[in-house]
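Subject: Structure handover

Hello,

Here is the structure for you to look at. My notes on it come after.

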Amino acid sequence: MTDLNSVSEFFDIGNAADDEGVIECPVIPLHDLIIFPGVVSPVALTGKRATTAAEAANDQRITAITVLMRDTTQSADPDLADLHTIGAEVALGRIMRMPDETRGVLMQGRRRVELIEIVRRTPYLIARARVLTEENLHGARANATMQVVTNLFRRAVELNENIPEEVLLYVLNAHNASWLADLVISTLTISLEQRQQLLEELDVEKRLDQVVDLLNQELTMLELKDEITSQVNQEMDRTQREIYLREQMRVIQGELGEEDVFQQELNEVREQIVQAQMPPEVHDKAMKEFARLAMMAPLAPEVGMVRTYIDWLTALPWTKSSEDQLDIQYAQQTLDREHYGLPKIKDRILEYIAVRKLAPENAKSPILCFVGPPGVGKTSLGRSIASALGREFVRVSLGGVRDEAEIRGHRRTYIGALPGRILQTMRRAGTVNPVFMLDEIDKLGADFRGDPAAALLEVLDPEQNGEYSDHYLEVPYNLSKVLFITTANDLDPIPPALLDRLEIIEFTSYTEEEKTAIARKFLLPKQKSANGLTGHPVAFETSALLKLIREYTYEAGVRNLDREIANVCRKVARLIAEEKRHPQSVSGAHVERYLGPPPFLDERANDKDEVGVATGMAWTPYGGEILTIEVSVLPGKGSLLLTGSLGDVMQESAQTALSYMRARAESLDLPFDDLDYFDLHVHLPEGAVPKDGPSAGITLAIAIISAFTERPIRSDFAMTGEVTLRGKILPVGGIKEKVLAARRARIKHIIMPRQNERDLVDIPKEARQDLNLHFVETMQEVIDLVLLPNDQEERRLDRIRRERDKEAQRGDEE
């Protein structure tokens with residue numbers, strides 16, 4: 001590209017415009033180029049018509065018109081609608097033949113033109129076009145804008161090696177604003193649409209302003225590119241310098257008889273691989289990675305990744321194991337010393353030790369699942385088991401884990417990838433046979449990143465975990481010698497496939513006697529030591545412990561009991577530290593004085609035989625409860641109202657009990673149409689507490705029957721069981737907790753289904769001795785046990801019906 005007067009090969013003859021400023025010239029359509037006035041550009045002629053038009057203009061020594069096609073992919077012969085209306089009149093140089101048999105020509109823009117019409121189509125296009133005139137700018141603003149363009153372009157040339165220096169000379173010597181703008185535009189890296197828009201812009205001042213904006217954008221990109229290039233060059237120079245210096249160090253160390261630092265690290269890694277005693281398959285994998293590491297440059301980015309991988313392989317325990325303590329008596333003493341009660345769990349561990357002692361090669365490690373409410377000692381028992389076996393104890397909390405990669409690890413392709421928690425914990429254990437506790441397995445989540453519970457299927461399957469594969473290591477690891485113990489508060493959230501792999505051991509809530517014994521044997525000595533009372537004669541009376549258990553805690557375990565004992569110990573410690581009078585023996589009165597009013601009231605049963613009031617028993621995660629059920633019969637139209645935050649199952653139990661009573665109306669001496677005249681309201685107090693389940697069926701039934709027959713219910717009876725429409729009593733769960741709750745409420749008689757008699761083995765002997773247990777199979781047996789005779793000559797409901805009938809009769813007579 002150059003000045004119009006600097007190219008001698010272009011002819012000076014052009015097409016003269018008529019009086020209306022219209023010229024007639026051959027048309028050369030262009031696909032990927034726009035010619036600006038005053039700029040020389042090489043053009044490759046594509047298409048037969050374009051070549052013919054260029055040759056005709058060259059032969060006749062006339063100018064031609066170049067215009068950009070609207071659709072640059074169109075190869076057919078264009079019409080006027082296919083061409084942009086604004087183009088340039090150009091002078092043509094000599095047509096040259098290219099090596100690929102195409103034609104090329106230098107074109108020099110002369111002036112802007114606007115196509116009017118196509119006057120001939122064959123053998124090439126000839127069009128009439130109007131010459132567009134532009135006024136050259138003058139004045140201070142024009143000169144300032146031209147100076148800005150010149151300065152910006154000078155900076156662009158400095159940063160862009162693709163712009164020739166001679167172009168800068170033409171720009172510096174330009175005195176025509178229009179030509180300056182067109183010359184700069186032709187050097188910028190912009191789209192064809194932008195170029196066409198600038199070609200169509202006849203206002204020179206606006207065109208210059210757009211050129212300034214484009215130059216600023218171009219400079220921003222060029223400066224950023226220059227900065228990046230500079231940083232890359234600096235980094236390359238630094239790397240080359242380090243390589244050169246390290247090579248010098250290696251030569252110097254060789255002369256001094258010293259070994260290369262990187263080589264020392266390689267030797268250490270090799271020694272670690274040898275000492276790790278890996279299985280053959282894993283050893284081959286480690287040596288393969290070591291060979292890769294040895295071939296890498298010390299500063300290669302992959303060195304850290306490969307070294308980390310080898311470190312994980314060598315750090316895992318492959319053969320090191322703890323020697324099992326197979327003395328059953330010692331294990332029994334250890335478990336009893338650290339935990340009170342829990343006979344079933346202790347027996348299971350002792351059985352495992354016995355099998356390991358008799359058949360060490362055949363004994364498979366069990367997969368245990370401790371299920372029970374919070375605070376009953378599930379986690380601490382795992383530590384005791386590890387101590388009894390002489391093994392390492394490690395624990396992983398699974399609560400809130402939602403990513404499968406947390407269990408199985410990430411692929412090595414990810415930056416910062418690591419093995420999953422299973423192998424991380426095995427590395428921490430340092431042996432192949434630790435006691436491995438997976439805590440809160442029922443709190444696992446699942447989302448778009450996978451299901452961690454599914455990842456545990458292989459870990460907790462004795463048939464599969466001998467070749468456990470982590471996504472990061474991708475080599476088999478033997479977990480079959482690990483004693484896995486999982487804990488959960490509830491089995492419902494655990495997937496069936498995972499639950500099938502677990503040996504369930506239930507932890508029930510502690511009785512008052514057990515809590516008292518635990519407090520005396522474990523909690524009191526611990527808190528006395530923690531609060532500095534070891535050397536002081538401070539004792540806790542049984543009444544104080546019972547008050548703490550009954551009125552200051554409400555739990556299945558002893559965690560809150562431990563906190564409350566600590567509170568009392570701190571109060572006493574402060575009195576001793578202040579040299580004030582303090583109790584030698586803490587009583588129940590002292591407990592209330594130190595801790596304030598009790599937050600939980602002592603449970604009390606109904607102390608009066610009443611109509612429509614029955615005592616039931618309920619199970620909660622914190623232990624058992626007694627439950628009062630109240631039934632009232634009101635004048636109405638036979639509707640049933642249930643209140644007290646009852647769940648769907650309990651509401652259905654109430655409806656079943658009502659249907660049973662209606663079916664037995666004749667044997668109960670009740671009119672068949674009682675429900676047509678009366679509404680039934682069933683209420684369970686403590687309405688803010690949700691209640692559900694079928695076990696209150698017989699309690700609801702006896703309360704409803706009592707309300708209609710007006711026979712009082714014995715207040716010293718509590719009951720539980722599901723009732724059917726035929727009056728059959730079906731078994732229910734939570735018997736131990738329910739029985740202990742009734743005993744705590746000083747109830748002497750308990751009714752339960754006959755099929756629950758087998759559950760008595762779980763109830764402490766002292767509790768069974770304090771209670772009279774009645775096992776029933778039908779609802780009639782319950783009626784005979786708890787309903788007292790009606791001393792009234794006439795039912796209240798009958799009087800209400802008789803008075804209603806009289807009023808209705810008087811109304812008819814009137």
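Predicted model: local features only at pLDDT ≥ 70, side-chain atom pairs only at ≥ 80, totals over all residues.

Residues are numbered from 1 along each chain as its sequence is written, and side-chain values use heavy atoms, with hydrogens and water left out.

Salt bridges

The structure holds 35 salt bridges, a salt bridge being a side-chain nitrogen of Lys or Arg within 4 Å of a carboxyl oxygen of Asp or Glu. One of them joins R111 to E89, with 2.3 Å between the closest N and O atoms. This pair links distant parts of the chain, since R111 sits in strand β5 (residues 103-120) and E89 in strand β4 (residues 86-97), 22 residues apart. Helices (H or I, at least four residues) and strands (E, at least two) are DSSP runs, numbered from the N terminus. R111 is partly exposed, at 30% relative accessible area, whereas E89 is buried at 2%. Here buried means under 20% relative accessible area, exposed means over 50%, and partly exposed is in between (1.4 Å probe, protein chains only). The areas come from the Shrake-Rupley method with a 1.4 Å probe, and for residues only the protein chains shown count as cover.

D336 and K346 also meet in a salt bridge, at 2.9 Å from N to O. This pair too links distant parts of the chain: D336 is in helix α10 (residues 328-338) and K346 in helix α11 (residues 343-358), 10 residues apart. D336 is partly exposed at 29% relative accessibility, and K346 is buried at 4%.

Why can the two pair up along a helix? An α-helix has 3.6 residues a turn, so residues three or four places apart point the same way. E289 is buried, with a relative accessible area of 4%, and K285 is partly exposed at 23%.

R112, E134, D182 and R207 are linked in a network of salt bridges.

Surface patches

Patches are made of residues with over 30% relative accessible area and no salt bridge; like charges are joined within 9 Å, and nonpolar side chains (Val, Leu, Ile, Met, Phe, Trp, Tyr) within 5 Å. L224, I228, V232 and M236 make a nonpolar surface patch of about 350 Å². L224 belongs to helix α6 (residues 204-256) and is partly exposed at 44%.

A patch of negative charge gathers D607, D609, E610 and E630 on the surface. Lys and Arg count as positive and Asp and Glu as negative, while His and the chain ends are not counted; a charge is placed at NZ of Lys, CZ of Arg, CG of Asp or CD of Glu. E610 lies in the loop between α20 (588-595) and β16 (613-620), and its relative accessible area is 34%.

Buried places

In helix α18 (residues 542-551), A544, L545, K547, L548, I549 and E551 are buried. Their cover includes α17 (512-530), β14 (539-540), α19 (559-577), β15 (585-586) and α20, where contact means heavy atoms within 4.5 Å.

P583 is in the loop between α19 and β15 and is buried at 11% relative accessibility. Leaving out residues up to four places away in sequence, P583 touches V538, L575, H590 and Y594. P583 and V538 are 45 residues apart in sequence and 7.1 Å apart in space, C-alpha to C-alpha.

Regards
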